[in-house]
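Here's a quick briefing to read with the model open beside you.

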Amino acid sequence: MAKNNNSDFIDIVGLFRQYVKKWYLFVISVVVCVGLAFIYSKVRLPEYAVRANLLISTDKGDMGAAAAGGMGAISMLFGSDGYVEDEIFIVSSHSLYRDVVKDLGINIEYYTKKNFLTKELAYPEHPLVVTPQAGMLDTLETSIAFNVKVNKNGKTNIKAKMKRKTVAKVNDVTLPYTIKTPLGEFTFAKTSDYPTGEGLSSDIIVAGYDAAAEYLDLEINTEIASKRSNVISLGINTTNPKYGKAVLNEIIAKYNDRGVQEKNHQNQQTAKFIDGRLDILASELNLSEAEVQEYKQKKGMVEFEIDARYNLEKKGRLEADLLNAKTQEEIIKMTLSFLGKPENAYALIPTTLDNEGLQRSIEAYNTVVLQRAELANSARADNTMLKQLSEQLDLMRSNIATSVSRALETAHVAVRDLEREMNSTQAALTDIPAQEREYGNLIRDLKVKQELFIFLLQRREETAMMLATAYPKGVTVDEAYTLSEPLGLTRKMILLIGFFLGIMIPPVILYIRKLVHNRFETRADVERMTDVPILGEMCIDNSGRRLVVSSDDTTATAELFRLMRSNLLFILNDPRDKVVLLTSTSSGEGKSFISINLAASLALLNKRVLLVGMDIRNPQLANYLNIAPQFGLTQYLSSSKVTLEQTIMPYKEIPGLDIICAGPVPPNPAELLISPKVDELFQQLRSMYDYVIVDTAPIGLVSDTFTLDRIADAAIYVCRANYTSLSDLDLINDIYEQHRLKKVSLVINGTAAKKTYGYGKKKSHGQA
């Protein structure tokens, strides 16, 4: 049975020997890969990781409550919970990035050549500056790239490209210079960082604020540091750490500025409302005080006598209750007036009521107002969540207005009841002068206004404190910093990878070549794929000679033929075994070369040897040996007039070697070879020669060789390294397994010469 070429057994030693033969491939591969790795490590720009951390405060942040103690009632009007998930959206919002881009000017990128292959981002110092036409960057939708080359004399060439097409070009101009493009005008000028007296080549890319903000969003990574923390981690990987630090620090600054502005806007609205109410109350309070003064002067009052202690005490209690009721009534009126004004549609309700249910509704309303205000600062007007919050506020405000109206009616009733009871009590005080009652009314009105005025003064102080102490939600834990080690592979690792690739590429190439080539290369390959005995192998011989065997030749080729001869004599162990067929799969495998030299090698043993050319379809033996016999084998087999002696031609260069050439190509070669005359011929030749070597046709093309097996004692199958396909070896296996040829053996032609051949005097390279 043929050997399985897909065996799980791996010949490590064989592979090693094969790779050792191709040592030059490994050397070339390692040198090239390590060289490329070294060049890459030199020209690549190291990339650094820039990081920053921002802590988001999640408490109410009401500084007034902590500082003012008793002023805690106003704490619901200011501050809001900072939800980290929502704040990430704000930190990485397009509008914030756009502000960062605009302030830092990073929508215009300046690149200078660092070496032949790489360009470095120049930030913040750059030798050239480009100024686009006013207003262009706000609406610019596509980027434009400029290549600016300045020679030592100051002459400048400027080329503008859009979508890889040149749209503007000027040569030999002097900076500053304004170039016109389809997008508008761009002015180029030198900066203080320009190297005086030197040439410069720079690439400048100009993009709009929106496009640059989108690119910045791709560069920056924003995430929560951990699930249970309130820290937002910002990161950017860049070849210019100064650029990365500036961007991250500006993002944090813009975020904090926005938070402060949001809080100040809320406080300013509240302060504006309180100041308006204080102005009104101050006028009313002055008027009340003037009325009291005028009443006293008119009546000449200095002090009233108390006639009835009981009624007076009752009157005092009623006055206190009435005062409190009217105060609440005025507060409710103020709240209702505030709700009725359109400009206060989404403003905080600055009121504290004794009505617990109504107070809870107002607090809930203020919470939603703050949520909406926070969302409105970062969302568009058509934002779905913003609309939902607005609708919710409209409904809540309507409900609160209804509840406040009802509370006002209730307060009116309470005031009327108290006034009615007060009047009843007052009527009972018949001994108290009417002046006392009138004076009391004036004093009550004055006290109500005084209480309201003091209340609003307290709120104004709280608001002023909030404006003065406004602080952002974000606390900078770590300003932007650069990790000390660059990202990616170190130079040693790059060189090591290059060396590793250099070692790995040759085996991969050799393996792929073997798969694609579909040819065997060495004797070991043949031995793994077949059980057919190998008679010998023949190295490549480049001497150009057809006959390489002689009595005094010690080349590798001659020694291999001697070894092949010895193995053949071992196979022909019976004295009657004399006839040996030589065949191959196709032409070009060296069958005729092996036949001639094997016959010559046998003749050197002082044996009579005959070489018969029986490849009668494509006779090449005469041409191969450069001889011109008068008659050939086909003439002998097809005509009775040609004798055997006329076809035999002695080969003068090798004593004892005779040759019968094939002769002209017959019209019926197959019938000629199966004729009885062939059997008679070889019967006669056996008696005349010690060995008969028969050069037959390739069995991969015709079946002539199989018809001649009847007259042969052994068969030699010639295959050639890097020529015979693996499928041809399968054909050899089939012939061997089915015994279609007697004592078949293999000769491997075209292998590499070895130093162990001959005596090491000369190494021959190549005949096929």
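A quick word on terms: pLDDT is the predictor's confidence in each residue, on a scale from 0 to 100, while helices (H or I, at least four residues) and strands (E, at least two) are DSSP runs numbered from the N terminus. This is a predicted model, so to speak of local features we need pLDDT of at least 70, and side-chain atom pairs count only at pLDDT 80 or more, whereas totals for chains, interfaces and linings use all residues. Residues are numbered from 1 along each chain as its sequence is written, and side-chain values use heavy atoms, with hydrogens and water left out.

**Confidence**

- The protein has a mean pLDDT of 79, with 85% of its residues at 70 or more.
- Over residues 4–9 pLDDT stays under 50, and the model has 2 contacts (heavy atoms within 4.5 Å) beyond four places in sequence for them.
- Residues 304–308 also stay under 50 in pLDDT, with 8 contacts beyond four places in sequence.

**Overall make-up**

- You'll find 23 helices and 21 strands in the protein.
- Of the 768 residues, 44% are buried (under 20% relative accessible area; exposed is over 50% and partly exposed is in between, with a 1.4 Å probe and protein chains only).
- Take the contacts with a separation of 6 or more: 77% of them are between residues 24 or more positions apart.
- The protein exposes about 40,300 Å², with carbon and sulfur atoms supplying 53% of it (Shrake-Rupley method, 1.4 Å probe; for residues, only the protein chains shown count as cover).

**The six-strand sheet**

- An open sheet of 6 strands runs in the order S3-S2-S10-S5-S6-S7, with antiparallel pairing (two strands pair if DSSP finds at least two bridges between them).
- Strand S3 (119–121) and strand S7 (165–174) sit at the edges with a single partner strand each, so one side of each has no neighbour in the sheet.
- From one strand to the next, the twist averages 20 degrees (axes are lines fitted to C-alpha atoms, for helices over the stretch in contact, and angles run from 0 to 180 degrees between N-to-C directions).
- Strand S2 (residues 108–113) pairs with S3 over 3 bridges in the antiparallel sense, and Tyr-111 has Leu-121 in S3 as its bridge partner.
- Ser-201 belongs to strand S10 (residues 200–206) and, at 22% relative accessibility, counts as partly exposed.
- Leaving aside residues up to four places away in sequence, Ser-201 touches Tyr-111, Thr-112, Lys-113, Asn-147, Val-148 and Lys-149.
- Ser-201 and Tyr-111 are 90 residues apart in sequence, with 8.9 Å from C-alpha to C-alpha.

**Strands around S9**

- Strand S9 (residues 184–190) is joined to strand S4 (residues 128–132) by 5 bridges, and the two run antiparallel; here Thr-131 stands opposite Thr-187.
- Strand S8 (residues 177–181) is also antiparallel to S9, with 5 bridges; Thr-181 faces Gly-184 in S9.
- S8 passes into S9 by a hairpin through 2 residues.

**The eight-strand sheet**

- Another open sheet has 8 strands in the order S14-S21-S20-S15-S19-S16-S18-S17, and its pairing is mixed.
- Its edge strands are strand S14 (534–539) and strand S17 (649–650), each pairing on one side only.
- S14 runs parallel to strand S21 (residues 744–751), joined by 5 bridges, and Met-538 stands opposite Asn-749 in S21.
- Helix H15 packs on this sheet, touching S14, strand S15 (579–584), S19, strand S20 (714–720) and S21, with its direction at about 170 degrees to that of S14.
- Helix H21 (residues 676–688) packs on the sheet too, touching S15, strand S16 (609–613) and S19, and its direction makes about 140 degrees with that of S19.

**Aromatic pairs**

- The count is 5 aromatic pairs (rings of Phe, Tyr and Trp, its six-membered ring, pair with centres within 6.5 Å; planes under 30 degrees apart are stacked, over 60 edge-to-face and the rest tilted).
- Phe-561 and Phe-593 are edge-to-face, because their ring centres are 5.8 Å apart and their planes at 65 degrees.
- Phe-561 lies in helix H15 (residues 556–571) and Phe-593 in helix H16 (residues 591–603), so the pair ties together parts 32 residues apart in sequence.
- Phe-561 is buried at 0% relative accessible area, and Phe-593 counts as buried at 1%.
- Phe-146, Phe-186 and Phe-188 are linked into a cluster by ring pairs.
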